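Subject: Handing over the structure

Dear colleague,

I am passing this structure on to you, together with notes on what was found in it. Please look at the sequence and the coordinates first, and then read on.

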Amino acid sequence: EYRRQRQMCIRDRLIGGSTITIQFFDLEGLDGKRFSPFGWRVRMALAHKGLEASSILEGVGFSQKYKLEFSSQELVPVIKDDDMIISDSWDIAVYLEKSYESPTSLFGTSNDFNQVKFISSWVDSQLHPLIARCVVRDILNVISPSEHEYFRTSREKRFGKSLEEVVADRENTRTTLKQALYPIRKALEIGPFLGGDNPNFSDYAIFGAFMWARVTSSFQLLELSDPIYNWRERMLLLYDGLAKNAPAVDI
């Protein structure tokens, strides 16, 4: 019923001559670098739904949380679709799936929300901490110098050590990351994407973590022989090279 009502609203906007334009508020650093892993989940989801090209990016720096006051919270990503305001990458994906049709679902052929939520949560709890221990210091190089103190202070409080100490052992952290990625490697033996023949939000959740690293750091997380490296290359080329053409340090 929700989807039917929302589709009717969208249809009325089209009939009335108005264009569907989604405002997308995303973390942005120097030279247009977008390095939020959660932001990349949303950007790929928008592209999946055929909406990325018509969306308007509103870049938000660490010191620009005032731009998000309309959403009654301080975290990106956020989308504003007509009168709808949705924050949190998972909630945004669910909203897009229920509101906009596409040839393939964001949640797989059986709309398995539970399975995709499991993957997203696994990325948050297992991959993000490991990748942070590899690239967090490098993020200083892609944000405004005026934001360095905030970023360093907040992240060093979180880790309980300096940023330099966090990444000091990143060669060994990379080995741990390789081990943690074993289930993904095995899943890719079945098909080219986690979603099977086509990517879904499980792919975008994992890919967002790798884009976080690609945009901010030249440190190589994957070996060329790793099947996940080949998967990442396929993801980079999706939607006319949307991710591959994005400003990044590791190109």
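Predicted model: local features only at pLDDT ≥ 70, side-chain atom pairs only at ≥ 80, totals over all residues.

Residues are numbered from 1 along each chain as its sequence is written, and side-chain values use heavy atoms, with hydrogens and water left out.

Pockets and cavity

Rolling a probe the size of a water molecule over the atoms shows where empty space is left. On a 1 Å grid over the protein atoms alone, a cavity is a set of points where a 1.4 Å probe fits but cannot get out, whereas a pocket is an open set with protein on both sides within 12 Å along at least five of seven lines, and lining residues have an atom within 4 Å of a point. Grid points are joined across faces, edges and corners, and a volume is the space filled by probe spheres set on the points. Helices (H or I, at least four residues) and strands (E, at least two) are DSSP runs, numbered from the N terminus.

The largest pocket holds about 840 Å³ of space, and of the 35 residues that line this pocket, Ser36, Phe38, Leu75, Arg155 and Arg158 are the closest to its centre. At least two lining residues come from each of α2 (37-48), α3 (89-99), α4 (113-135) and α5 (148-159), with α4 giving the most, 7 residues. By class, the lining of the largest pocket divides into 19 nonpolar, 8 polar and 8 charged residues, where Ala, Val, Leu, Ile, Met, Phe, Trp, Tyr, Cys and Pro count as nonpolar, Asp, Glu, Lys and Arg as charged, and the others, Gly among them, as polar.

For the second largest pocket the volume is about 280 Å³, and of its 17 lining residues the closest to the centre are Gln115, Leu194, Gly195, Gly196 and Asn200. Here too α4 gives the most to the lining, with 3 residues, and the classes are 7 nonpolar, 9 polar and 1 charged.

The count of cavities of 30 Å³ or more comes to 1. The largest cavity has about 40 Å³ of space and is lined by Phe210, Ala213, Arg214, Phe219, Gln220, Leu221, Arg232 and Asp250, with α9 giving the most, 3 residues.

Core and buried residues

A nonpolar core is a set of buried Ala, Val, Leu, Ile, Met, Phe, Trp, Tyr and Cys residues joined through side-chain atoms within 4.5 Å, and buried means under 20% relative accessible area, exposed over 50%, partly exposed in between (1.4 Å probe, protein chains only). In the largest nonpolar core, which has 76 residues, Phe35, Ile79, Leu96, Leu181, Leu221 and Trp231 touch the most other members. The largest share of this core, 11 residues, comes from α9.

Serine 217 lies in the loop between α9 (201-216) and α10 (227-241) and is buried, with a relative accessible area of 1%. Its side chain makes a polar contact with the side chain of aspartate 138 (2.5 Å), a polar contact being a pair of N or O atoms within 3.5 Å, where within protein one must be able to donate a hydrogen and the other to accept it, and residues adjacent in sequence count only if both atoms are side-chain atoms.

Backbone

Most residues other than glycine have a negative phi, and most peptide bonds are trans. The peptide bond from valine 76 to proline 77 is cis, with omega near 0°, and proline 77 lies in the loop between β2 (56-60) and β3. Aspartate 82, in the loop between β3 and β4 (84-87), has a positive phi near 60° and is partly exposed, with a relative accessible area of 38%.

Best regards
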